[in-house]
Amino acid sequence: MASAALLLNSTDVSPDPSSFSESPASNAKSPSALTRNGSKVHYCSECGKYFTRRSNLLAHQRYHNGDRPFPCLECGKRFSRKDRLMAHQRIHTGEKPFVCLVCGKCYTRNESLIEHHKSHSRQKPFSCSECGQSFRHESELEKHLLSHTIEAPLVCSQCGIIFANQKNLVKHKRTRTREKPYMCSECGKCFAQKSVLIQHQRTHTGEKPFACSDCGKCFAKKSNLIPHMRTHNGERPFPCLQCGKSFTRNDRLLAHQRTHTGEKAFSCSECGKYFAYESDLIMHKKSHVDVKPFLCAACGECFTEISDLLKHKAVHLGEKPFQCGECGKCFTDNSGLTKHQRIHTGERPYQCAECGKSFTYKADLIKHERIHTGEKPFPCPECGKCFTDKSGLAKHQRIHTGERPFQCAECGKCFARKSHLGKHQIIHTGEKPFQCPECGRCFARKSHLVNHQIIHTGEKPHLCTECGKCFAQRPGLIIHRRTHRKVTQFS
């Protein structure tokens, strides 16, 4: 299936200890040096991986001890391997030495170029000798070959699906039994698969092991890195068959298609109500269950996540250990400082995959993306009108409740929106900030200036549909229409 050379170079397979023997001569130099079939290999005592070269083992061991001896002189970021440092430094220099000979596109790393080449050639060079099925990668062929070599098929007794190995069958059975044996030691949340637990734990550690080779941006999941890389190569493999619009991710396409079909695929198990978007369903479910298990002992406020409780506790302690080096402002957590520093650097790390527009905060990107998908996940419980963000819904709900939280300090008059209060306060200050460039006359509101400027332009945009007469101001049109009503009454 795979040659001995390929097996020795693998870093993903743990060795069978019985197949190794200690080499006294080599053991004096390296305690992890073993022999296999007469060839010397170097064995990692931490995780069981093995290497043909000692230098590769030493580089690998840095992952266990956290050693990063190669610092970037530009930004201070450190790396465990010199080749990773060199690839990173191209972000600062802008160098892209790996060129595609087909289309001329350039990349900072050879791995990115190899992956890009697949977009030009759909060749599948690895063929199964049993059934003739072809694969693009050798690893995919090796997994497929297991389906032919199984002596006793592993079958799910519930649904009859056949699996290539016992591990996949066990994972599948948990979807039916809903067993979740893997628990997070930080928050107590349980998972059916160990890989999902590992991904979840990154929310606590902040680890982002999947780096973009073009811009250096890191992600916690590989599934998030793949669509991000399409922003660099311009690939949009998911087209809408209705309107022809293309998307970088399949979930974006599915969300967009619901604007054509009107489908509501997400159902609430509590009340049976249907929703077009999963985010709408998640918001709705909170109306049935509002569990907040993490209690603040100081003030009694409850939180859904332990991370929110820890941030909140810093408010009582008055601790703000994270200080901005530019302006000296302090923050209770590192994430708050990181967000603040973007004001000074002008950094906008969150880019829209559809139009390329960048944002300072992730929340702003999420709101913006709804322009492309047409998603409006915040419905009004009173009238059913939907909004793209929570603030828009909150403003709208004041129509139903009659709430007017913005009060004028001068006269006590209240308003539903802050912008309306700002316009009103000009009455008290006498300020007229909007000046006509033609005659110099000033106005308190921009709309008044626009109406005034029609005098200078001679424009008459308000048309009477009865007789075709035009007017410069809308009030003039309204008064004019009354003459038509009087004629109708007397005739």
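Not counting residues up to four places away in sequence, Phe359 touches Arg348, Pro349, Tyr350, Asp364, Leu365 and His368, where contact means heavy atoms within 4.5 Å. The model is a predicted one, in which local features need pLDDT of at least 70 and side-chain atom pairs count only at pLDDT 80 or more, while totals for chains, interfaces and linings use all residues. Residues are numbered from 1 along each chain as its sequence is written, and side-chain values use heavy atoms, with hydrogens and water left out.

Phe359 belongs to strand 26 (residues 358-359); helices (H or I, at least four residues) and strands (E, at least two) are DSSP runs, numbered from the N terminus. With a relative accessible area of 12%, Phe359 is buried. Buried means under 20% relative accessible area, exposed over 50%, and partly exposed in between (1.4 Å probe, protein chains only). One of the residues that Phe359 touches is Arg348; the two are 11 residues apart along the chain, and their C-alpha atoms are separated by 4.8 Å.

His200 sits in helix 8 (residues 194-205). Its contacts, leaving aside neighbours within four places in sequence, are Cys184, Cys187, Lys189 and Phe191.

Glu111, in helix 5 (residues 110-120), counts as partly exposed at 48% relative accessibility. Between Glu111 and Phe98 there are 9.3 Å in space, C-alpha to C-alpha, and the pair is 13 residues apart in sequence.

Helix 3 can be followed along its length. It covers residues 54-65, 12 residues in total, and reaches 17 Å from its first C-alpha to its last, close to the 16 Å expected at 1.5 Å a residue; the expected span is 1.5 Å times one less than the number of residues. Leu57, Ala59 and His60 are buried in this helix. Seen down the axis of helix 3, the buried residues fall within an arc of 165°, so they line one face of the helix; the arc is that of the directions from the helix axis to the C-beta atoms. Just after helix 3 comes Gly66, with a positive phi of about 75°.

Confidence remains to be considered. The mean pLDDT of the protein is 76, and 85% of its residues reach 70 or more; pLDDT is the predictor's confidence in each residue, from 0 to 100. Over residues 1-15 the pLDDT is below 50, and this stretch has 28 contacts in the model beyond near neighbours in sequence. Residues 17-31 also have pLDDT below 50, with 20 contacts beyond near neighbours in sequence. Where pLDDT is low, the predicted coordinates should not be read in detail.
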